Every structure is written in structure tokens, then in C-alpha cells.
Amino acid sequence: MEYIKNKIRDVIDFPSKGIVFKDLTTAFKDPRALHILGWDLSQKYRDKGITKVVGIESRGFICGSILAFELGAGFVPARKPGKLPAETVKASYSKEYGKDTIEIHKDAITPDDIVVIHDDVLATGGTMAAVYDLVKSMNPKKIYVNFIIELSALDGRKALPCDASVESLIVY
Ligand code: AMP
């Protein structure tokens, strides 16, 4: 994990003053770091019968797709408003820097699914809590939640439902 930690770049005051942005592009562009990320993220779920990975736009698409590939599961994008072409369910929420809305195709998850929701960073938890509620409204058998980075000072886990099974690779 030290190898990956050393590849993550802190960008001060991005996208607004006071935010220390954890830039993962510097890890994603490194072949060894990307390989370790894909492998380590998937290890916890190998025996869980995962059928769908939901990736949150946009940085959650990168390792979310790798996770789906590693687990032999399908990939479902959770996207910003107006991007998905068919009928959607949507939720609005607050995050570390501002407000947003997120959408998932209405037919993306079924009651037979066992789902992992993946995002790059857990900050205040608003984004993941919104996506969790959307996925839950489709009644899958089980939902797991997974991040590359957790910013523990922001207490994002408190925003997530207490029944959520949450894993983070790197906790700051
Ligand atoms: P939140 O809803 O506050 O947990 O914010 C999580 C979302 O915002 C994730 O999709 C992250 O990509 C992004 N994000 C929030 N804070 C940061 C940060 N300090 N560094 C990098 N990404 C962040």
C-alpha cells in the first residue's frame, strides 16, 4: 500500500480554497499502482457472489470497471444528471465541496443482484449515501461499499447507513 500512497498527489485548494484534493490520476497512470489497486480492491469480494459493480462518475468508473472485470460482474454507471439515455432514478445530495445530483438507470439492478458500489474517495459521505439509497430502492440481495481512499477526519462513515458493509484501501 505504501507504493500506492506514494503515487497519490495532494493538490491544495482544489477545486476550492481549503480542500486538499487527493489526486489519483498519478496512481492510475502508473502501471504497477493500477495493477495493485485492481487486485487489492477485488480481494475482499472474491467469494461474495458479486453480480454488479456500480461506479460513481467519474473517478469511480476507473477502478469500478477493473473491479467488475476481476469479479466477473457487470458494470453499472452512476452518472451526473442528463447523461444516461433511458429512464432513471435520481437523488440530490451535498458533498465536501458543493451540491450535486446522481442518476442510475431504473433497470440497472434487479432483486437477484449482489452489488458493490465503488468510488475513489469517501469524504463527507453524501455522494455514497445518495447512491446507496438509489441502489437499495432496487432491492438487491446485498450491497457492499468500497473506496480507494477514506478521509477519516470528515467522518463520512456516519453518513452511510449503519447496515452498510464499508471497505477502504487507504485511510488518512
Ligand atoms: P463526499 O460526498 O463528500 O463523500 O465526496 C465524495 C466525492 O467527491 C467523490 O466522488 C470524490 O471523488 C470527491 N471528493 C470529495 N472530496 C475529495 C478530496 N478531498 N479529494 C478527492 N476527491 C474528493
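Start by selecting Arg59, Lys95, Tyr97, Asp120 and Val121, which lie nearest the centre of the largest pocket, a space lined by 29 residues. A pocket here is, on a 1 Å grid over the protein atoms alone, an open set of points where a 1.4 Å probe fits, with protein on both sides within 12 Å along at least five of seven lines, and its lining residues have an atom within 4 Å of a point. This is a predicted model, in which local features need pLDDT of at least 70 and side-chain atom pairs count only at pLDDT 80 or more, while totals for chains, interfaces and linings use all residues. Residues are numbered from 1 along each chain as its sequence is written, and side-chain values use heavy atoms, with hydrogens and water left out.

Next, colour strand 2 (20–23), strand 5 (88–95), strand 6 (98–105), strand 7 (114–122) and helix 5 (126–136), each of which supplies at least two residues of the pocket lining. Helices (H or I, at least four residues) and strands (E, at least two) are DSSP runs, numbered from the N terminus. Strand 7 gives the largest share of this lining, with 4 residues.

Now show the ligand, which sits in the largest pocket, meaning that more than half of its atoms lie within 2 Å of the pocket's grid points. Of the 16 residues that surround the ligand, the closest are Glu96, Asp119, Asp120, Thr124 and Thr127; a residue belongs to this group if one of its heavy atoms lies within 4 Å of the ligand. Strand 2, strand 7 and helix 5 each contribute at least two residues to this shell.

Zoom in on the side chains of Asp119 and Asp120: an N or O atom in the side chain of Asp119 is 2.7 Å from an oxygen atom of the ligand, and for the side chain of Asp120 the distance from an N or O atom to a ligand oxygen is also 2.7 Å. Then select Thr127, where a polar side-chain atom lies 2.6 Å from an oxygen atom of the ligand.

Finish at Ser58, in the loop between strand 3 (52–56) and helix 4 (60–71), where a cis peptide bond with omega about -10 degrees joins Glu57 and Ser58.

Notes: A polar contact is a pair of N or O atoms within 3.5 Å; within protein, one must be able to donate a hydrogen and the other to accept it, and residues adjacent in sequence count only if both atoms are side-chain atoms.
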